[in-house]
Amino acid sequence: MSALELVTVTDRAVREIRSIFEREKPQNNVGLRLGVVGGGCSGLSYEMEFSERRDNDNVLGFEGFDVLLDPKS
């Protein structure tokens, strides 16, 4: 299964994320990282942050930004 099949980004979310990128103007090689981390009472938590691209990331390209997913998440 490819990363593209694991994550759906709606058109509205794409517009909002693109707007944030345009406003924040992050450095090159920075994308929106989505991740899953263990721990806590309910088991898994989800993260979303601006992050630099890592060597083994799955990268989903959108017009104006990339979504970054580490293979474990």
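## Close-up views of a predicted model

**Figure 1. Contacts of Gly 38 in the predicted model.** Gly 38 touches Gly 43 and Leu 44, when residues up to four places away in sequence are not counted. The model in this and the following views is predicted. Gly 38 belongs to strand β1. Because exposed means over 50% relative accessible area, Gly 38, with a value of 64%, counts as exposed. Between the C-alpha atoms of Gly 38 and Asp 66 there is a separation of 24 Å, and the two residues are 28 residues apart along the chain.

**Figure 2. The salt bridge between Arg 33 and Asp 57.** In the whole structure, a search finds two salt bridges. In the one shown here, the side chains of Arg 33 and Asp 57 meet at 2.7 Å, N to O. Arg 33 lies in strand β1 (residues 30-38), whereas Asp 57 lies in the loop between β2 (44-52) and β3 (58-62), so the pair ties together parts that are 24 residues apart in sequence. Both Arg 33 and Asp 57 are buried.

**Figure 3. The salt bridge between Asp 66 and Arg 53.** Here the side chains of Asp 66 and Arg 53 meet at 2.4 Å, N to O. This pair links distant parts of the chain, 13 residues apart: Asp 66 is in strand β4 (residues 65-69), and Arg 53 is in the loop between β2 and β3. Arg 53 has a relative accessibility of 37% and therefore counts as partly exposed.

**Figure 4. The largest nonpolar core.** Ten residues make up this core: Val 7, Val 9, Val 14, Ile 17, Phe 21, Leu 32, Leu 60, Phe 65, Val 67 and Leu 69. Helix α2 (11-24) and strand β4 each supply at least two residues of the core. In soluble globular proteins, nonpolar side chains tend to be buried together. Val 14 is in contact with Val 9, Phe 62 and Phe 65, leaving aside its neighbours within four places in sequence.

**Figure 5. The setting of the close-up views.** The protein has two helices and four strands, which follow the pattern α-α-β-β-β-β along the sequence. Its C-alpha atoms fill a box of roughly 35 × 25 × 25 Å, taken along the principal axes. Of the 73 residues in the protein, 27% are buried. The accessible surface comes to about 5,500 Å², and 48% of this surface belongs to carbon and sulfur atoms. The protein carries 9 positive and 13 negative charges, whose mean positions are 4 Å apart.

How values were computed: Residues are numbered from 1 along each chain as its sequence is written. This is a predicted model: local features need pLDDT of at least 70, side-chain atom pairs count only at pLDDT 80 or more; totals for chains, interfaces and linings use all residues. Side-chain values use heavy atoms; hydrogens and water are left out. A salt bridge is a side-chain nitrogen of Lys or Arg within 4 Å of a carboxyl oxygen of Asp or Glu. Buried means under 20% relative accessible area, exposed over 50%, partly exposed in between (1.4 Å probe, protein chains only). A nonpolar core is a set of buried Ala, Val, Leu, Ile, Met, Phe, Trp, Tyr and Cys residues joined through side-chain atoms within 4.5 Å. Contact means heavy atoms within 4.5 Å. Accessible areas come from the Shrake-Rupley method with a 1.4 Å probe; for residues, only the protein chains shown count as cover. Lys and Arg count as positive and Asp and Glu as negative; His and the chain ends are not counted. The place of a charge is taken as NZ of Lys, CZ of Arg, CG of Asp or CD of Glu.
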